[in-house]
Amino acid sequence: MTGYLSAFTPDSEPQAIADALRSDGGVIISNIVSADLMDAVYDEVRRNVSEEDQVGNSALWPEGNKTVGGLAGVSKTFAEQLLVHPKILDVADAVLNPFRPMGSKRKEVKEMQDGEGPPPPYSVGQLDDGGSQLVWQRQTADEARHCDHYTVGACVMLEIGGGREDHQALHRENAIYQPFIEQHVMPEFILSTMWAGTDFTEDNGATRVVPGSHHWPESRLAKSAEIARAAMPKGSVVLWLSRTLHGAAKSFVTERRTGYFASYIADWFRQEENQYIAVPPETAATYSEQARQLIGYTCSDTLGWVKGRDRNDLLQPGRSGQL
Ligand SMILES: O=C(O)CCC(=O)C(=O)O
Ligand SMILES: [Fe+2]
């Protein structure tokens, strides 16, 4: 008996998916897009990135495998069809709990005026010298939001070829911020997605995910019986939380296992992959507003501003003007 991941269907309620994620740490949504769409992303990668630039050569991704970073810039289809997939964004809204929802409750950024949106949770106290002081309020669990909005952390094609002889070390996504954060007091701030660009099977390296490990103390090691496999048909997606142990698996076959990875992170964390280089302004300008916002071309009230730009769309001149 090995660990088990629940599988949902594309018409499952986002809240039910988010609830399962919170309790198990990982879930699959089966057959959420077509196999043709996955091939379209692959074709774009092959058109836009040379073979030699796809070669894996790190400890995490040894030779014989492929990694293509900057996927949001490399494949417009990935950005416009997978990254902004409405079901994923509704689940991300439920898990990352932003002030500004980005899925079906999203307000078109064009409609949003400066100062519109939730009131900032602070009041202004008057000082006896005529000055003032900002006083932030602690929010109740119901009111508390995890972020203003969220952006992608990294977008990478991860392909296991014939050269994956060992499992990747199990790891947690929050590791990129350790040791700078106290993990046990953090609200959820990363949701990871891995799209199956080919069938994912136990033989070809389907991601190892450890259900329940998001609740474990750091030092607890996974037992083999606790490790689940994200075996799923091409066009499916597996999701996991910031503290869920996971990793690529070794492969016993020569056929490729191609995954398209994207993480969604609270806007106040530094993006793992620099999206402004991966998707420069001239490329982003050809993308939808929603994709641009996810890539990072929107700022919150206080973070990411560029003076004199529209904060809801930093590619536009406009009314922003922080500081
Ligand atoms: O490719 C996979 O199945 C997971 C990869 C992963 O977690 C990583 O490279 O950080
Ligand atoms: Fe990972």
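In the predicted model, Arg 22 has a relative accessible area of 36% and is therefore partly exposed, and its side chain meets that of Asp 19 in a salt bridge with an N to O distance of 3.2 Å. Asp 19, with a relative accessible area of 39%, is likewise partly exposed. Both Arg 22 and Asp 19 belong to helix H1 (residues 14-24), where they are three residues apart, about one turn of the helix.

This pair is one of eleven salt bridges that the structure holds. Another joins Lys 234 to Asp 39, with the closest N and O atoms 2.7 Å apart. Lys 234 is placed in the loop between S9 and S10, whereas Asp 39 is part of helix H2 (residues 35-48), so that this contact ties together parts of the structure that are 195 residues apart in sequence. Lys 234 counts as partly exposed because its relative accessibility is 22%, and Asp 39 is partly exposed with a relative accessible area of 27%.

A further salt bridge is formed between the side chains of Glu 159 and Lys 66, at 3.8 Å from N to O. Glu 159 lies in strand S6 (residues 150-160) and Lys 66 in strand S3 (residues 66-68), so the pair links parts that are 93 residues apart in sequence. Both Glu 159 and Lys 66 are buried. Through salt bridges that share partners, Glu 51, Lys 66, Glu 159 and Arg 256 are joined into one network.

Among the strands, S7 (190-196) is mostly covered, with seven of its seven residues buried. In a regular strand, side chains alternate between the two faces of the sheet. In S7, Ile 190, Ser 192, Met 194 and Ala 196 point one way, while Leu 191, Thr 193 and Trp 195 point the other way, and all of these residues are buried. S7 runs antiparallel to strand S12 (residues 257-266), to which it is joined by seven bridges, and Ala 196 stands opposite Gly 259 of S12. S7 also pairs with strand S10 (residues 237-241) in the antiparallel sense, over five bridges; here the bridge partner of Thr 193 is Leu 239.

A separate description applies to an open sheet of three strands, in which the order is S9-S8-S11 and the pairing is antiparallel. Strand S9 (228-229) and strand S11 (246-247) are its edge strands, each pairing on one side only. Two bridges connect S8 with S11 in the antiparallel sense, and Val 209 is found opposite His 246 of S11.

Two patches were identified on the surface. In a patch of negative charge, Asp 199, Glu 202, Asp 203 and Glu 255 gather together. Asp 203 is located in the loop between strand S7 (190-196) and strand S8 (208-209), and it counts as partly exposed because its relative accessibility is 42%. The nonpolar patch, of about 410 Å², is made by Tyr 122, Val 124, Leu 134 and Trp 136. At least two residues of this nonpolar patch are supplied by each of strand S4 (122-126) and strand S5 (132-136). Val 124 has its place in strand S4 and, with a relative accessible area of 45%, is partly exposed.

Key. Residues numbered from 1 in each chain as written. Chains lettered and ligands numbered in written order. Predicted model: local features only at pLDDT ≥ 70, side-chain atom pairs only at ≥ 80, totals over all residues. Heavy atoms only, no water. Patch = residues over 30% accessible without salt bridge, like charges linked within 9 Å, V, L, I, M, F, W, Y side chains within 5 Å. Areas by Shrake-Rupley, 256 points an atom, 1.4 Å probe, with all protein chains shown as cover. Salt bridge = Lys/Arg side-chain N within 4 Å of Asp/Glu carboxyl O. Lys, Arg positive; Asp, Glu negative; His and termini not counted. Charge placed at Lys NZ, Arg CZ, Asp CG, Glu CD. Helix = DSSP H or I, 4+ residues; strand = E, 2+ residues; numbered from the N terminus. Buried < 20%, exposed > 50% of the residue type's maximum accessible area, 1.4 Å probe, protein only. Pairing = 2+ DSSP bridges.
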